[in-house]
Amino acid sequence: MAERGRLGFTPADRPGRPGGASATTPPVEGAELLDDQLASGLVPERDKRAHKGSFGKLLVLAGSLDYAVAALLVCRAAGRAGAGLVTLAVPESLQPLFAAKVVEATTMALPEDDVEEIDAEPALARILDHDHDAIVVGPGLRPGLSTAELVRLLLATGEDGASAPLVLDAEALRSLATEEGWWQAERRPAVLTPHAGEFARLRAGSGREPDADGDLATDDAARAIAARDAATTWGQVVVLKGARTVIAAPDGRLAVAPFENPALSSGGTGDVLSGTIGSLLAQRLPPYDAARLGVYLHGLAGDAVRERLGDSGLLASDLPDQIAMARKRLAAIAERRAAGGRLGFGLRAPGPAGDGATTPADAEPIGDGGRRT
């Protein structure tokens with residue numbers, strides 16, 4: 001197989017590619033393996049007579065002076081994933097900086113009690129007064145007690161009935177790990193997107209022994225079991241990032257992405273994923289569906305860049321445009337399936353690697369020469 005690869009052929013069992021050998025075996029019983037057919041069925045339809053307000057308003061709480069790029073990546077990914085309106089909320093002392101950097105998004109100043117230190121309760125009031133359908137919280141936020149307090153207040157479902165779903169990533173997850181029993185009170189729906197280290201800290205904060213979950217980096221079965229247990233314990237959707245990302249729902253449903261792409265191991269790619277999932281939440285997909293589709297779009301985008309650049313050299317800023325191309329591709333598959341249904345036949349779903357069962361999309365480029373293999 002290695003020789004075929006050196007000669008320019010793609011081995012049928014190349015790991016990390018949808019349809020390859022690594023994508024055909026669920027890590028645990030009951031897990032679903034994401035593929036084009038499943039993901040295309042999740043893509044929100046776009047009404048031809050709609051307007052920007054029809055496609056969701058996303059509020060992003062991200063970025064700091066040291067990590068400004070995290071906020072910019074979230075906002076760009078959200079727009080490329082289809083959100084109609086994106087607003088970036090930052091401490092008021094930083095608003096001029098970010099307003100000069102974001103192009104399509106608007107900005108909103110949050111009250112401070114010190115430079116770069118958000119005043120949690122007044123900031124919450126301003127956030128709740130803002131019209132939004134979903135919120136992304138955490139990428140690049142400055143660590144501190146005020147950030148942890150704002151995360152706690154946002155997650156709680158208050159008397160005002162605030163219920164817009166959240167994506168919690170990075171500093172928001174680190175804040176949760178310090179909050180004892182954070183999952184026990186009534187909470188608004190959220191998607192948590194930890195990498196293995198953040199997940200381990202959250203589990204430790206839940207009273208789980210550090211080694212009890214096993215190898216969360218390379219053991220797919222251990223990752224799936226741990227993510228499912230965490231999602232049911234916390235009552236929230238959990239996206240355990242890494243090779244073959246796991247998506248777990250509070251009701252026990254479990255999905256695994258087929259992607260194993262070392263090119264995605266660079267700073268900022270997780271921010272792109274957060275923006276993508278947040279965008280889909282704002283477009284009113286349920287949290288589990290938004291997480292599954294967001295992970296799949298992110299994986300397709302990563303594969304498209306990998307096809308051009310190889311296993312290294314991918315920058316997070318390469319991904320958002322490819323997110324849009326991947327969505328276009330999945331939407332085309334959904335449209336062909338719908339057209340086939342209207343004519344009385346459907347597309348044949350792809351079978352195991354090497355059985356010759358393909359969809360018409362299998363030969364289509366994802367973007368800039370990237371192809372599904």
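How many bridges join β1 to strand β12, and which way do the two run? I found two bridges between β1 and β12 (residues 254-256), and the strands run parallel. Glu 32 of the pair sits opposite Ala 255 in β12.

A note on what I'm reading: this is a predicted model, where local features need pLDDT of at least 70, side-chain atom pairs count only at pLDDT 80 or more, and totals for chains, interfaces and linings use all residues. Residues are numbered from 1 along each chain as its sequence is written, and side-chain values use heavy atoms, with hydrogens and water left out.

Next I looked up the sheet. Ten strands make an open, mixed sheet in the order β1-β12-β11-β10-β9-β8-β7-β2-β3-β4; pairing takes at least two DSSP bridges between two strands. Strands (E, at least two residues) and helices (H or I, at least four) are DSSP runs numbered from the N terminus. β1 (32-33) and β4 (106-110) are the edges, each with a single partner strand, so one side of each has no neighbour in the sheet.

Then I checked a helix on the sheet. α3 (residues 68-80) touches β2 (57-61), β3 (85-91) and β7 (134-137), contact meaning heavy atoms within 4.5 Å.

Last, I looked at a helix pair. In α10, Thr 269, Val 272, Leu 273, Thr 276, Ile 277, Leu 280 and Leu 281 meet α11 residues including Pro 287, Ala 290 and His 298. I sorted the contact residues as eleven nonpolar, four polar and no charged (nonpolar is Ala, Val, Leu, Ile, Met, Phe, Trp, Tyr, Cys and Pro; charged is Asp, Glu, Lys and Arg; the others, Gly among them, are polar).

Notes. Axes are lines fitted to C-alpha atoms, for helices over the stretch in contact, and angles run from 0 to 180 degrees between N-to-C directions.
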